[in-house]
Amino acid sequence: MKLQQLRHFLFVIEEGGFRAAANRANRSQAAISASIRELEKTLDQRLFEVGNKATLTPFGESCVPKIQQFLSVYQALADDLQAIASGDKGKIRIASVPSLVTKLLPSVLVAYSKKYPDIEIVLIDDNSIGVANRLLTGEVDLALGNCTSINQTDIDFTLLISDPIGVVCLKSNELNSKLSQSQGLKWEQLMTQPFIYNGTCKLLENTPAEALNRKARYTIENITSLFALLRNDLGITTLPRLAFPSNEPELIWISLIDPSLNRQIGIFKLANKSISPAAQAFYELCIEYVQENYLL
């Protein structure tokens, strides 16, 4: 039983005859008749009455709704598969460091959702190491994070943003002055302050500012807890610019100029494994969006 034979059968019914069905199928009338005969031979039953080829037999009448249902399901499947292949339908899973979830990703997701409204998106936030691990284990299709946490050769990393590192303290702190706001701070100026270590402080390693990590009074991984300690004047810390809230009323972010450090933020995928068309579309749109709207 061939798909084309089933279509020809419905054409005859819908068009009211073999000649009209032949015109619709862009085939000869003899070809349509032969297709129907082959279908009848396969089923071992006549579909049309002898002598009146457009009149269905009782068996033919019982076949119509079943064939219509089958072809409808088949067409829906074909449409869905084509939509998935073109990236118009499907599901993508993305892991990202929290600072990008709040600052960069919302704008990218708005642009992506407008272009691909039927794609389901699962977004997971994690620290930079967790983001890379989720990608390596196959839990997510794409990841966004800090390239310094990635040393695996099986990850393909594309740089998006160079995010400067700065000092975060209370606005009332002595470190905050017009001079420091305009010129920045040196690591030596921070040594007299209680220091709070967070996950991004790894960026200070192998620099003179690593001395701050060694003297840390507190170690905090959760960003909400970190800001609670900072607001209660329990110390200062260093953070990438994107990790600092733009509407923070009590704290201030001041550039760290010595050493001058940047967090290299990018999007990455597995190097030796294909991703779905939907994920590939997000990957390309994310890179294009950042290049057009952000300066490295």
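In this predicted model, the loop that links α10 (223–231) to β8 (237–240) holds Asp-233. The backbone of Asp-233 is worth a look, as its phi is positive, at about 60°, although the residue is not a glycine.

Asn-206 sits in the loop between β6 (196–197) and α9 (210–214). The relative accessibility of Asn-206 is 75%, and the residue therefore counts as exposed, the cut-off being over 50%.

Turning to the peptide bonds, the one that runs from Asp-258 to Pro-259 is cis, with an omega near 5°. Pro-259 belongs to the loop between β9 (251–258) and β10.

Helix α11 covers residues 277–293, 17 residues in all, and spans 24 Å from its first C-alpha to its last, close to the 24 Å expected at 1.5 Å a residue. Its buried residues are Ala-278, Ala-279, Ala-281, Phe-282, Tyr-283, Leu-285, Cys-286, Ile-287, Tyr-289 and Val-290. An α-helix has 3.6 residues a turn, so residues three or four places apart point the same way. Among the buried positions of α11 are Ala-278, Phe-282, Leu-285 and Tyr-289.

How values were computed. Residues numbered from 1 in each chain as written. Predicted model: local features only at pLDDT ≥ 70, side-chain atom pairs only at ≥ 80, totals over all residues. Heavy atoms only, no water. Helix = DSSP H or I, 4+ residues; strand = E, 2+ residues; numbered from the N terminus. Expected span 1.5 Å × (residues − 1). Buried < 20%, exposed > 50% of the residue type's maximum accessible area, 1.4 Å probe, protein only.
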